[in-house]
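Dear colleague,

Please find below the structure for your records. A summary of the findings follows it.

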Amino acid sequence: MKRIVFASSPVALQSFSSIDGDFMIRRGFAAASQQSQKQAQKEANRAAEESFDSLELTDEKINAITDKIPQRPVGVVEGASYTLLIIFAFGVLAFILYHVVTSLILEPTALKCFNAAIDRLKEDPRVSVRIGAPDEIRAWGSNSESRVARQQIPHQIYKDQNGVEHVRIQFYVRGPNGTGVVNADMYKDATGEWAYSYMLMDAYANGSQHPSRVNLI
């Protein structure tokens, strides 16, 4: 049996070496190209994220922007106007509180006298004849369109020669048969009940301009 021996010539070996080298070079270029593409994609993604973050208005960015806006200085005239406005608001508030306190706390005596006089007036049959039934009679303080003024009872508090405190009140009444103006002078007796120095009513029948005076007490 014969052995066949292939002899490699120097030219053939050189050719195979050249082909192998070209293949390695191309493979290296391909790997480098892929690496470059991956790096470029990462850079693009990073740039997109930074661009998106820059569009978000966080508290830090808003504060940084607003801190750079210069504040307009307040002038002397403007500051004085603010001061006058504040003083005016406090003045209105004090005026309202004064009327509320004086009407409901400091001067409840006039309201007590008013309620007592109304009860006494409704019991008198002469009033029912001229004004109307007791449950149909309405009474108020000042003859005004203002609801607040109508709730105020005109009154005067004084002391007589014996040092007894008196309360004079005036109010208006109305019923289905007419209207009237009531004046009364009241004081507290020894038992603490309200007594009357006098109470009279000027009654106006419906459509009449001439009152008829009724001495209730």
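The chain exposes about 16800 Å², of which carbon and sulfur atoms supply 58%; accessible areas were computed by the Shrake-Rupley method with a 1.4 Å probe, and for residues only the protein chains shown count as cover. Please note that this is a predicted model, in which local features need pLDDT of at least 70 and side-chain atom pairs count only at pLDDT 80 or more, whereas totals for chains, interfaces and linings use all residues. Residues are numbered from 1 along each chain as its sequence is written, and side-chain values use heavy atoms, with hydrogens and water left out.

Overall organisation

The chain has 217 residues, and 18% of them count as buried (buried means under 20% relative accessible area, exposed over 50%, and partly exposed in between, with a 1.4 Å probe and protein chains only). Its secondary structure comprises 6 helices and 6 strands, taken as DSSP runs numbered from the N terminus (helices are H or I with at least four residues, strands E with at least two). Along the sequence these elements follow the pattern α-α-α-α-α-β-α-β-β-β-β-β. Of the contacts between residues at least 6 apart in sequence, 44% join residues at least 24 apart, a contact being heavy atoms within 4.5 Å.

Salt bridges

The structure holds 3 salt bridges, each defined as a side-chain nitrogen of Lys or Arg within 4 Å of a carboxyl oxygen of Asp or Glu.

One of them joins the side chains of Arg126 and Asp124, at 2.9 Å from N to O. Arg126 counts as partly exposed because its relative accessibility is 35%, while Asp124, at 6%, counts as buried.

Another is formed by Arg168 and Asp185, whose closest N and O atoms are 3.1 Å apart. This pair links distant parts of the chain, with Arg168 in strand β3 (residues 165–175) and Asp185 in strand β4 (residues 178–188), 17 residues apart. Arg168 is partly exposed at 36% relative accessibility, and Asp185 is buried at 1%.

In a further salt bridge, the side chains of Arg213 and Asp202 meet at 2.8 Å, N to O. Arg213 lies in strand β6 (residues 212–215) and Asp202 in strand β5, so the pair ties together parts that are 11 residues apart in sequence. Arg213 is exposed, with a relative accessible area of 55%.

Strand β5, which contains Asp202, spans residues 194–205. Is Asp202 buried or exposed? Asp202 is buried, because its relative accessible area is 14%. Neighbours within four places in sequence aside, Asp202 is in contact with Thr179, Gly180, Val181, Pro211, Ser212 and Arg213. The side chains of Asp202 and Arg213 also make a polar contact at 2.8 Å (a pair of N or O atoms within 3.5 Å; within protein, one must be able to donate a hydrogen and the other to accept it, and residues adjacent in sequence count only if both atoms are side-chain atoms).

Nonpolar surface patch

Which residues form a nonpolar patch on the surface? Leu85, Phe88, Val92, Phe95 and Ile96 do, with about 530 Å² of accessible area together. Patches are made of residues with over 30% relative accessible area and no salt bridge; like charges are joined within 9 Å, and nonpolar side chains (Val, Leu, Ile, Met, Phe, Trp, Tyr) within 5 Å. Leu85 is found in helix α3 (residues 76–106) and counts as exposed, because its relative accessibility is 55%.

With kind regards
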